[in-house]
Amino acid sequence: MSERLLDILTSSFPKLLLACIKVTIPLTAIVFALSLILGFLLALVQILDIKVLKQLARVYIWIFRGTPLLVQLYIVFFGLPSIGITLDAFPAAIIAFSLNSAAYNAETIRSAIMSVPAGQLEAGYMVGLGYGQIMRRIVLPQAARVAFPTLSNSVISLTKDTSLVASITVVELFKTAQQIAAVYFEPFALYCEAALIYLLLNTLLTFLQSYLEKRLVWKYSAEKKRRKKKGALA
Amino acid sequence: MLEVKNLHKSFGENEVLKGIDFSVKKGEVVAILGSSGSGKTTLLRCISFLERADSGTISLDGFEKDMTELTRREVRMLRMKMGFVFQEYNLFRNKTAFQNVTEGLRIAQKIPADKARETAVNVLKKVGMLERADYYPDELSGGQKQRVAIARAIALSPKVILFDEPTSALDPELTGEVLEVMKMLASEGTTMAVVTHEMGFARDVASRVVFMDGGKITDNRAPAEFFSSPESDAARRFLRRMTSDRGI
Ligand SMILES: Nc1ncnc2c1ncn2[C@@H]1O[C@H](COP(=O)(O)OP(=O)(O)O)[C@@H](O)[C@H]1O
Ligand SMILES: [Mg+2]
């Protein structure tokens, strides 16, 4: 490797990393939080079988899963101004991504809730709990455990998909790489470097996922805890 | 204590309960027998409002009303007076044995933590599951799960406990431990209605046998009489099949 190339890579690495920390990660985090909330609501109106809202949720999911994310992004950023709604690139990105991601999360959450056997609800009723209490204390915790791996997956996809916002002028990790590549005419090296940073980020996320899966007692086993403190009700 | 009258229930075209009159008196153990599909589960589920009856009245512990006109609040009030033990246990998977027992005490009956703990310890001890108090259902055998489920039911001091084939999902060698617990409850005067295929339990423990056939109750009498001279042909055939199958 030439000395010049090495120089370019080492001097650009902090810039790419900074763009990742300042734009890519916050964008991912905000979008994930919003899409989780919206996805949960979309799942809930279906589970609760709320008339009109349920149909609206189905239509929503149909549209946002059935059209490309990049096209949705263009509609929000380049399209909306023509009907008088002009958004900055970053908010536009958040809106388009959240709306899109929520459609997928809604399906994940809905099927996770439906995977909890009806017997859990019935047993809850028979110990005197109400529907809301059973949902909060019995059904949703179990559904969360089912949904967790899929939702983790969707965060990982999201980090990569955020590179699409480079096309609407948001200067995130990938856009930064494009700019530096254009200056030095070294696209191969720069794009590989950008890829490496995405890979690093997702490696961290994968570790975080398995750590959380182990930590949150989600195996429904108290084996470890018992070994630590002997005696049931001490 | 518990009484339902003229209970009807259909699933679509299929009329499953055709006017059931059924009662359990205080301290009674009623065994409900009948072939598969005769409507036993549906009867218990209608009584506990897990299915909506098409018509019928219920009276429980001094409260009486048309089953189709109950408010949500009344349903909840009536359920608080019943326990239900499911064939498939239905323990809360995300809660330990101990938490399964305290859930209804703490959340539905709003009993303070220390009192709930005391009750939980007592009932778990009673079913022989105290050492397993902080095991999750996934870590227990079928027999152990069912004993915890029984503890969960009795912890709430219901007026009557409904059992739907509590030993049918168990390996044969595990039915004994559950039947022992039920016998103990019976001997303490617990009011119970038990759907079962355990003829020994019906004969030795029950105070009365109710036999169902095709959505109707065709026999309703003391176990000794039922087993020696069943009233309906259906019951006679059922008993003949049972004794030849199981060598009783
Ligand atoms: N949820 C349901 N939907 C439709 N049919 C049902 C349902 N539950 C029970 N049935 C029907 O009702 C009849 C009685 O069932 P069940 O009460 O489970 O009988 P048992 O417990 O005596 O075996 C059966 O023919 C069964 O197919
Ligand atoms: Mg049944």
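**Reading the largest cavity**

A: The model is predicted. Lining the largest cavity are Ala123(A), Met126(A), Val127(A), Met82(B), Gly83(B), Phe84(B), Phe86(B), Ala149(B), Arg152(B), Ala153(B) and Leu156(B). The elements that contribute two or more residues to this lining are helix H5 (118–126) of chain A, along with strand E6 (82–85) and H5 of chain B.

Q: How many cavities of 30 Å³ or more are there, and how much space lies in the largest cavity?

A: There are two cavities of 30 Å³ or more. The largest cavity holds about 60 Å³ of space.

Q: H5 of chain B is on that list. How many of its residues are buried?

A: In H5(B), 13 of the 14 residues are buried, so the helix is largely enclosed by the rest of the structure. Helix H5 (residues 142–155) of chain B spans 20 Å from its first C-alpha to its last, close to the 20 Å expected at 1.5 Å a residue. After H5(B) comes Ser157(B), with a positive phi near 40°.

Q: How do I describe a pair of aromatic rings?

A: Such a pair is described by the distance of the centres and the angle of the planes. Over all chains the count is eight aromatic pairs. In one of them, the rings of Phe84(B) and Phe86(B) have centres 4.5 Å apart and planes at 35°, so this pair is tilted. The label follows from the cut-offs, because planes under 30 degrees apart count as stacked and those over 60 as edge-to-face. Phe84(B) is buried, with a relative accessible area of 6%, and Phe86(B) is also buried at 6% relative accessibility.

Q: Which residues form an aromatic cluster?

A: One aromatic cluster is formed by Phe211(B), Phe226(B), Phe227(B) and Phe238(B).

Q: Which ring has the charged end of Arg152(B) over it?

A: The ring is that of Phe92(B), and the charged end of Arg152(B) sits 4.7 Å from its centre. Arg152(B) is also one of the residues that line the largest cavity. In a second case, Arg203(B) lies over the face of Phe227(B), 5.9 Å from the ring centre. Phe227(B) belongs to the aromatic cluster.

Q: What should I know when I look at phi values?

A: Most residues other than glycine have a negative phi. Tyr89(B) is not a glycine, yet has a positive phi of about 65°. Tyr89(B) is in the loop between E6 and helix H3 (97–108) of chain B. Lys110(B), again not a glycine, has a positive phi of about 55°. Its place is the loop between H3 and helix H4 (113–126) of chain B.

Q: Is Tyr89(B) buried or exposed, and is Lys110(B) buried or exposed?

A: Tyr89(B) is buried, with a relative accessible area of 11%, whereas Lys110(B) is exposed, with 63%. The cut-offs are under 20% for buried and over 50% for exposed.

Q: Where is Gly19(B) found, and which residues does Gly19(B) touch?

A: Gly19(B) is in strand E2 (residues 14–24) of chain B. Leaving out residues up to four places away in sequence, Gly19(B) touches Asn6(B), Leu7(B) and His8(B). Gly19(B) counts as partly exposed, at 25% relative accessibility. Between Gly19(B) and Val178(B) there are 159 residues of separation in sequence and 32 Å in space, C-alpha to C-alpha.

Terms used:
Residues are numbered from 1 along each chain as its sequence is written. Chains are lettered from A and ligands numbered from 1 in the order in which they are written. This is a predicted model: local features need pLDDT of at least 70, side-chain atom pairs count only at pLDDT 80 or more; totals for chains, interfaces and linings use all residues. Side-chain values use heavy atoms; hydrogens and water are left out. Rings of Phe, Tyr and Trp (its six-membered ring) pair if their centres lie within 6.5 Å; planes under 30 degrees apart count as stacked, over 60 as edge-to-face and the rest as tilted. Buried means under 20% relative accessible area, exposed over 50%, partly exposed in between (1.4 Å probe, protein chains only). A charge sits over a ring if NZ of Lys or CZ of Arg is within 6 Å of the ring centre and within 35 degrees of the ring normal. Helices (H or I, at least four residues) and strands (E, at least two) are DSSP runs, numbered from the N terminus. Contact means heavy atoms within 4.5 Å. The expected span of a helix is 1.5 Å times one less than its number of residues. On a 1 Å grid over the protein atoms alone, a cavity is a set of points where a 1.4 Å probe fits but cannot get out, and a pocket is an open set with protein on both sides within 12 Å along at least five of seven lines; lining residues have an atom within 4 Å of a point. Grid points are joined across faces, edges and corners, and a volume is the space filled by probe spheres set on the points.
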